Amino acid sequence: MDQVAVVGAGLIGRAWAMVFARAGVPVRLWDKAPGVAEGALGLIAERLADLHAAGLVTEAPAAIAARISAVPTLAECVAGATHVQENGPERLAPKQELFAELDRLCGPEVVLASSTSGIPASEFTGNLAGRGRCLVAHPVNPPYLVPLVELVGAPWTDPAVVARTRALMDRVGQVPVVALKETRGFVLNRLQAALVAEAFRMVRDGVMSVEDVDACVKDGLGLRWSFMGPFETIDLNAPGGVADYAERFGPLMGGITEEQTPFDYDAATVERVAEVRRAALPLDAIEDRSGWRDRRLMALIAHKKGQAG
C-alpha cells in the first residue's frame, strides 16, 4: 500500500491529507512550525464531518482521520513514504532548501511532488542528484473538493514518474492533467489570470460594477463551466461545432482579444474592488464564508456525481 508524506500542514496540506486518507492511504503530516501539524488534525476532522454530512464519503469520518498522523520531524514524515506532497512557502529559496533535504532523506524510488502554484520544478530541482523523480502536482484550492491536479515536470523529470503520479492521483479520486512543458503559472492559473484581469479591467474602465461582473460568471459562464470546458462549450454553441463557431464568431472574439492589453493590478483599481468586497464581506467573516463555499461545492459535487453521463 502507498504511504504518503504531506509536508506542510496549512490549508493545502490539510486538504491533501484528506484526499489521500479518504482513499485509504496512510498519511504522515509534518509542518516546520511547532504544533501546526497537530492542530491541523482537529480542522481535518471538522471537514471530514462536513463531507460525510454531504454524502461525499460513506466511511466514518473518525476512521478516515485515523489514517492521518502528525509527526514531529521531517525525517519521520518521509520514512517509508512512496510519495511526498510538499506544501511549503511559495518562495524559491525555501523550496530549494526543502527539496534538497527531501532528496537527501528519501530513497531514489520516492516521488517528490510540489503543490506550488507557479514556481516551475526546473527552478528548485536542477541541482539535485534525484532531480528526475521531482515534479509539480499543482492542486486547485481546496483540493479535497476541487479534484483537478496539474502535473508539470521539469525537462529532466522521468516520464515514468509523471505516469506513476498520474496513476496515484487517479486512484485517490483526483483528476490529473499533464502539461507537456513548463509555462509561467502553469495552465489553470493562466486561464484564471485572463478572466480575472479582464474583470478588473471592466471595473477600472467603468464598464460594469464589481457585483455585476461577478454575476456574469456565477450566473452566466460559471453555470456551463461547472460541467464543460471552453472547447466543449464553443463546440455546442454553433450548429457545426468548433469550426462553425470559429467562422461565425472568430472575428468578434479575435477582435476582443486584440483589445485585451496586460493588466498591471494598479493600486487604485484593486482598492476600488477591495472596498466593494469588504462592504459585502468584512475580513473577519472570510473564514465563515469559505466554509459556506466549501459546503456549496460539496452540494455541487454530489449533484454532478448523481447526474454524470
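Two strands count as paired if DSSP finds at least two bridges between them. Helices (H or I, at least four residues) and strands (E, at least two) are DSSP runs, numbered from the N terminus. The model on screen is predicted, so local features need pLDDT of at least 70 and side-chain atom pairs count only at pLDDT 80 or more, while totals for chains, interfaces and linings use all residues. Residues are numbered from 1 along each chain as its sequence is written, and side-chain values use heavy atoms, with hydrogens and water left out.

**Stop 1: the strands**

Select strand β4, residues 83–86. Strand β1 (residues 4–7) pairs with β4 in the parallel sense, over four bridges. To see one of the pairings, pick V6: its bridge partner in β4 is Q85.

Turn on the side chains. In a regular strand the side chains alternate between the two faces of the sheet. In β4, H83 and Q85 point one way, and V84 and E86 point the other. Buried means under 20% relative accessible area, exposed means over 50%, and partly exposed lies in between (1.4 Å probe, protein chains only).

**Stop 2: helix α8**

Select residues 186–204, which form helix α8. The helix has 19 residues and should span 27 Å at 1.5 Å a residue; its end C-alpha atoms are 27 Å apart, which agrees. The expected span is 1.5 Å times one less than the number of residues.

Colour F186, A197, E198, F200, R201 and V203: these are the buried residues of α8. What do they pack against? Their neighbours are β6 (134–139), β7 (148–153), α9 (210–225) and α12 (267–280). Contact here means heavy atoms within 4.5 Å.

Zoom in on R201 of helix α8. R201 is buried because its relative accessible area is 7%. Leaving aside residues up to four places away in sequence, R201 touches Q260, T261, P262 and F263.

Move on past the end of the helix to G206, which follows α8 and has a positive phi, near 70 degrees.

**Stop 3: salt bridges**

A salt bridge is a side-chain nitrogen of Lys or Arg within 4 Å of a carboxyl oxygen of Asp or Glu. By this rule the count comes to 11 salt bridges.

Begin with D205 and R204, whose side chains meet in a salt bridge at 2.8 Å, N to O. D205 has a relative accessibility of 44% and so counts as partly exposed; R204, at 33%, is also partly exposed.

Next, select R67 and E59, joined by a salt bridge of 2.5 Å, N to O. R67 is partly exposed, with a relative accessible area of 23%, and E59 counts as partly exposed at 29%.

Then go to helix α2, residues 36–53. In the salt bridge between D50 and R47, the N to O distance is 3.5 Å. Why are D50 and R47 about one helical turn from each other? They are separated in this way because they are three residues apart in α2. D50 is partly exposed at 24% relative accessibility, and R47 is partly exposed with a relative accessible area of 24%.

**Stop 4**

Select F249, L252, M253 and I256, which make a nonpolar surface patch of about 340 Å². Patches are made of residues with over 30% relative accessible area and no salt bridge: like charges are joined within 9 Å, and nonpolar side chains (Val, Leu, Ile, Met, Phe, Trp, Tyr) within 5 Å. The areas come from the Shrake-Rupley method with a 1.4 Å probe, and for residues only the protein chains shown count as cover. L252 is exposed because its relative accessible area is 53%.

Finish at R289, in helix α13 (residues 286–307). R289 is partly exposed, with a relative accessible area of 40%. Draw a C-alpha to C-alpha distance from R289 to T233: they are 30 Å apart in space and 56 residues apart in sequence.
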